[in-house]
Amino acid sequence: MPIYTKTGDEGQTGLFSGKRVSKASLRIEAIGTVDELNSAIGFSISNIKNQKSNIIKELIKIQNDLFEIGAALANPRQKINLSERIKEFENQIDEMTK
């Protein structure tokens, strides 16, 4: 099954809603940046020697956060609430600072 349509994209891509936007738009740039960060975290996880480490669990949670953020970027009607995660990050920062 081919993955191309032979219709060209004229420099545009589709959002979840079906709306077409420029591939140069800030929204698409943000989606790509979130995807790249998620990939870098996945690569980091694969290089951690102790696969039972708590840091791996946290990095996987961060990856899930990034999937949620990416979905919200692709679908502007989707609302996300990361206030609980922000509090978790603040607590972790406080613990690491000690």
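Here is a short chat about helix packing and salt bridges in a predicted model.

Q: Hi! At what angle do the axes of H1 and H2 cross?
A: Roughly 165 degrees, and the axes of H1 (residues 26-46) and H2 (residues 54-74) come within 10 Å. Angles over 145 degrees count as roughly antiparallel, so H1 is roughly antiparallel to H2.

Q: Is that crossing left-handed or right-handed?
A: The crossing of H1 and H2 is left-handed. Residues making the contact include Ile-31, Val-34 and Ile-41 of H1, and Leu-59, Leu-66 and Phe-67 of H2.

Q: And how does the contact of H1 with H2 split by class?
A: It has 16 nonpolar, four polar and one charged residues.

Q: Switching topic: how many salt bridges turn up in the whole structure?
A: The search finds five. One of them pairs Glu-58 with Arg-85, with the closest N and O atoms 2.7 Å apart. Glu-58 sits in helix H2 and Arg-85 in helix H3 (residues 83-97), 27 residues apart.

Q: Are Glu-58 and Arg-85 buried or exposed?
A: Glu-58 is buried at 11% relative accessibility, and Arg-85 is buried too, at 10%.

Q: What does Lys-61 form a salt bridge with?
A: Its partner is Glu-88, with the closest N and O atoms 3.0 Å apart. Lys-61 lies in H2 and Glu-88 in H3, so this pair also ties together parts 27 residues apart in sequence. Lys-61 is partly exposed at 36%, as is Glu-88 at 28%.

Q: Which residues are linked in a network of salt bridges?
A: Glu-58, Lys-61, Asp-65, Arg-85 and Glu-88. Within it, Glu-88 also bridges to Arg-85 at 2.6 Å between the closest N and O atoms; both lie in H3, three residues apart, about one turn of the helix.

Note on methods: Residues are numbered from 1 along each chain as its sequence is written. This is a predicted model: local features need pLDDT of at least 70, side-chain atom pairs count only at pLDDT 80 or more; totals for chains, interfaces and linings use all residues. Side-chain values use heavy atoms; hydrogens and water are left out. Axes are lines fitted to C-alpha atoms, for helices over the stretch in contact, and angles run from 0 to 180 degrees between N-to-C directions. Helices (H or I, at least four residues) and strands (E, at least two) are DSSP runs, numbered from the N terminus. Angles under 35 degrees count as roughly parallel, over 145 as roughly antiparallel, 65 to 115 as roughly perpendicular and the rest as oblique. A crossing is left-handed if the near helix is turned anticlockwise from the far one by less than a right angle, and right-handed if clockwise. Contact means heavy atoms within 4.5 Å. Ala, Val, Leu, Ile, Met, Phe, Trp, Tyr, Cys and Pro count as nonpolar, Asp, Glu, Lys and Arg as charged, and the others, Gly among them, as polar. A salt bridge is a side-chain nitrogen of Lys or Arg within 4 Å of a carboxyl oxygen of Asp or Glu. Buried means under 20% relative accessible area, exposed over 50%, partly exposed in between (1.4 Å probe, protein chains only).
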